[in-house]
Amino acid sequence: HRRATETGTLMVLPGLLEKLQHPGPTSYLDFEAVAPAIPTLPGLKPFTTLPVQFSVHHRQPDGTLSSQAYLHRDSSDPRPPLAAALLDALQGDSPIYVWGEFEGKVIAMLAGACPSLEPQLQALRGRVVDLQSLARAYAYHPAFQGSWSIKRVLPALVPGQDYGELAVNDGGQAVLVWTRMQHPDTPPEQAQALAEQLLAYCGMDTLALVHIRDALLERARLG
């Protein structure tokens, strides 16, 4: 941290390259979830986490990027259809990069809520790689200012990339927008506009993971 601050540059420790290199395809995952104080489904406790959206980016060895997404658009139980869509989006054995512990916990929760899909979902957990933990252990840039939020790390490592142009740009706002989107009194055209905002926000999170890993790999390769 001291050397990075003194030089004003990104510094990395030995060992990061080995942690990040992978010869095959890679995947990047982000969830958005709600946790209603008053349960909206039978059998749930207050503040039970319900994932309602995910974004996945895939990168091929030649650099080609593709993406998939799921957004639950009504008040029914989102977990079974989301879990099935997640397994479809993450077929194969590529590492799944995430930012923090939340995604792994959500996958575990989905496994408990969807017994017929539990083996496949548990297998997904074994592929998860926490990019935030790697960055915290091996890298530092003074522009982080002591924060490991993806919204602080992304513009520090990839100048010009941030969330500033998005209509939805944080998780708390996403909860409010999703609640409004799926409300039966929301006009269809407005609900569609809100859905597009949510898809753009969640997609930015996984694209940010792609950019952050690229920046860390580039610096690690310099030695």
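This is a predicted model: local features need pLDDT of at least 70, side-chain atom pairs count only at pLDDT 80 or more; totals for chains, interfaces and linings use all residues.
Helices and strands here are DSSP runs, numbered from the N terminus.

Five strands make up an open sheet, running in the order β4-β3-β2-β5-β6 with mixed pairing. At the edges sit β4 (65-71) and β6 (128-130), each of which pairs on one side only. Ignoring direction, neighbouring strands are turned by 25° against each other on average. As a bit of background, strands of a sheet pair through backbone hydrogen bonds, either parallel or antiparallel.

Helix α6 (residues 131-138) touches β5 (96-98) and β6, and its direction makes about 35° with that of β6. Helix α8 (residues 171-181) touches β2, β3 and β4, with its direction at about 65° to that of β2.

In soluble globular proteins, nonpolar side chains tend to be buried together. In this model, the largest nonpolar core has 50 residues, and Leu 20, Trp 99, Leu 131, Leu 157, Met 181, Ile 212 and Leu 216 have the most contacts inside it. Helix α9 (residues 188-221) supplies the largest share of that core, 14 residues.

Leaving aside residues up to four places away in sequence, Leu 131 touches Leu 20, Tyr 97, Val 98, Trp 99, Leu 209, Ile 212, Arg 213 and Leu 216. There's also a second, separate core of 21 residues, with Leu 29, Val 56, Leu 86 and Leu 117 among them.

Most residues other than glycine have a negative phi.

| Residue | Loop |
|---|---|
| Phe 47 | between β2 and β3 |
| Gln 145 | between β7 (139-140) and α7 (150-157) |

Are these two buried or exposed? The cut-off for exposed is over 50% relative accessible area. Phe 47 has a relative accessible area of 57%, so it counts as exposed. Gln 145 is exposed too, because its relative accessibility is 62%.

Definitions and conventions:
Residues are numbered from 1 along each chain as its sequence is written. Side-chain values use heavy atoms; hydrogens and water are left out. Two strands pair if DSSP finds at least two bridges between them. Helices (H or I, at least four residues) and strands (E, at least two) are DSSP runs, numbered from the N terminus. Axes are lines fitted to C-alpha atoms, for helices over the stretch in contact, and angles run from 0 to 180 degrees between N-to-C directions. Contact means heavy atoms within 4.5 Å. A nonpolar core is a set of buried Ala, Val, Leu, Ile, Met, Phe, Trp, Tyr and Cys residues joined through side-chain atoms within 4.5 Å. Buried means under 20% relative accessible area, exposed over 50%, partly exposed in between (1.4 Å probe, protein chains only).
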